[in-house]
Amino acid sequence: MLAAGYNLVNNYLKEKQLADEKAKYEEQIAEKLKRLLLELKKNMVLIEGGTLSIGSNDGEFDEKPVHEVTVGSFIMGKYEVTQELWEGVMGGNTSKFKTDERPVETVSWNDVVEFCNKLSEREGLQKVYSGSGNSITCDFNLNGYRMPTEAEWEYAARGGNKSKGKKYS
């Protein structure tokens, strides 16, 4: 009887210790993610809308012809999503060249859609993406995180309305 009681107590103490360690680890992860999200918000910048010429008369068929596009104002992160932030939101990291500060890589468009929606949920924002597979739509009227459109990306890369006509910022 005494040995069985000892084993029960010992197992209980081991389980409690594991539960305490797990809780401490989860608390550390939550604090780390909180810090990363604060950094993310701090590093978002307003890109004031404007007009740009995109396309090419000399490029591939899907780039022709050069045409003007107007983009509205939008907010965009200064930096690429790091592996550390990705792992904090997604719970894993599939990058080949693993380092917390490096940009996440080897992710699909659908993975990024899921990341944006999960990040939006964590921040109490509306998920902008809905659907699945090849039928995903983006509601630009909602306030959650999303990828920039091709025109927004090119406009920002050129320096937005502060580009003074230069091709790159």
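R35 is partly exposed at 37% relative accessibility, where buried means under 20% relative accessible area, exposed over 50% and partly exposed in between (1.4 Å probe, protein chains only). This is a predicted model, in which local features need pLDDT of at least 70 and side-chain atom pairs count only at pLDDT 80 or more, while totals for chains, interfaces and linings use all residues. Residues are numbered from 1 along each chain as its sequence is written, and side-chain values use heavy atoms, with hydrogens and water left out.

R35 forms a salt bridge with E84, a term that stands for a side-chain nitrogen of Lys or Arg within 4 Å of a carboxyl oxygen of Asp or Glu. E84 is buried, with a relative accessible area of 14%. Because E84 lies in helix α2 and R35 in helix α1, the pair ties together parts that are 49 residues apart in sequence; helices (H or I, at least four residues) and strands (E, at least two) are DSSP runs, numbered from the N terminus. By the salt-bridge rule the count comes to nine, and the table gives some of them.

| Pair | Closest N and O atoms |
|---|---|
| K32 and D100 | 3.9 Å |
| E84 and R35 | 3.3 Å |
| K41 and E123 | 2.6 Å |

K32 is in helix α1 and D100 in the loop between α2 and α3, so this pair ties together parts 68 residues apart in sequence. K41, in helix α1, and E123, in the loop between α3 and β5 (129-132), are 82 residues apart; K41 is partly exposed at 44% relative accessibility, as is E123 at 21%. Through shared partners, salt bridges join K32, R35, E39, E84 and D100 into one network.

Beyond its neighbours within four places in sequence, L85 is in contact (heavy atoms within 4.5 Å) with L33, L36, L37, L40 and F115.

Zero disulfides (pairs of cysteine sulfur atoms within 2.5 Å) are found in the whole structure. The sulfur of C138 is 8.6 Å from the closest cysteine sulfur, in C116, too far for a bond. C116 is buried at 6% relative accessible area, whereas C138 is partly exposed at 24%.
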